[in-house]
Amino acid sequence: MKSIKLAAASFFALLFFVSSANASDACACSEPYEVKPGDTLYSLAQQYGVTVEQIQNKNSMGTSTYIIAGEDILLPPEPIEDAEAQEPSAEPDSAVYVVESGDTLYNIAQSEGTTVHALQANNDIESDVIFPGQELTIQ
């Protein structure tokens, strides 16, 4: 009976050790970053050598690009080397435009040779509201 209890205790200790080792490996934790006025996901991604999508994933943001000065967000500690292979690629005849402060769908459409309607349709935008740092597919 003692050997069964000892074996069970050893099994659970081993299980705990393995699961805690895997959890710490998967964490890839980072220190919180306080968003400064003028920061965008795009500018932070460029500054820290990661992608906008990695920051969104790290913070469970979905596809939102909305950040507020003063809030804390987590930044991935280092770029994922294979990030481009993991991201879906844009269609060959498309480009990505990163919205800057002061941009409107109208002026982007004019400068990129497209229409406001095309921008909205290609980027699943139902209104005319866009945000700095937001990435728009131009086709």
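**Close-up views of a predicted protein model**

**View 1. Asp-39 and its neighbours.** Leaving aside residues up to four places away in sequence, Asp-39 touches Tyr-33, Glu-34, Leu-44 and Ile-67, where contact means heavy atoms within 4.5 Å. Asp-39 sits in the loop between strand S1 (32-34) and helix H2 (41-48). Helices (H or I, at least four residues) and strands (E, at least two) are DSSP runs, numbered from the N terminus. What does the side chain of Asp-39 make a polar contact with? Its partner is the side chain of Tyr-33, at 2.7 Å. A polar contact is a pair of N or O atoms within 3.5 Å; within protein, one must be able to donate a hydrogen and the other to accept it, and residues adjacent in sequence count only if both atoms are side-chain atoms. Asp-39 is buried yet has no salt bridge, and the nearest side chain of opposite charge, Lys-36, is 5.8 Å away. Buried means under 20% relative accessible area, exposed over 50%, and partly exposed in between (1.4 Å probe, protein chains only). A salt bridge needs a side-chain nitrogen of Lys or Arg within 4 Å of a carboxyl oxygen of Asp or Glu. For charge, Lys and Arg count as positive and Asp and Glu as negative, while His and the chain ends are not counted.

**About the model.** This is a predicted model, in which local features need pLDDT of at least 70, side-chain atom pairs count only at pLDDT 80 or more, and totals for chains, interfaces and linings use all residues. Residues are numbered from 1 along each chain as its sequence is written, and side-chain values use heavy atoms, with hydrogens and water left out.

**View 2. A nonpolar patch on the surface.** Meet Tyr-66, Ile-68, Val-129 and Phe-131, which together form a nonpolar patch with about 370 Å² of accessible area. Patches are made of residues with over 30% relative accessible area and no salt bridge: like charges are joined within 9 Å, nonpolar side chains (Val, Leu, Ile, Met, Phe, Trp, Tyr) within 5 Å. Accessible areas come from the Shrake-Rupley method with a 1.4 Å probe; for residues, only the protein chains shown count as cover. Val-129 lies in the loop between helix H6 (116-122) and strand S4 (135-138). Val-129 counts as partly exposed because its relative accessibility is 45%.

**View 3. Ser-60 and its positive phi.** Ser-60 is a residue other than glycine with a positive phi, near 50 degrees. Look for Ser-60 in the loop between helix H3 (52-58) and strand S2 (72-74). With a relative accessible area of 69%, Ser-60 is exposed.
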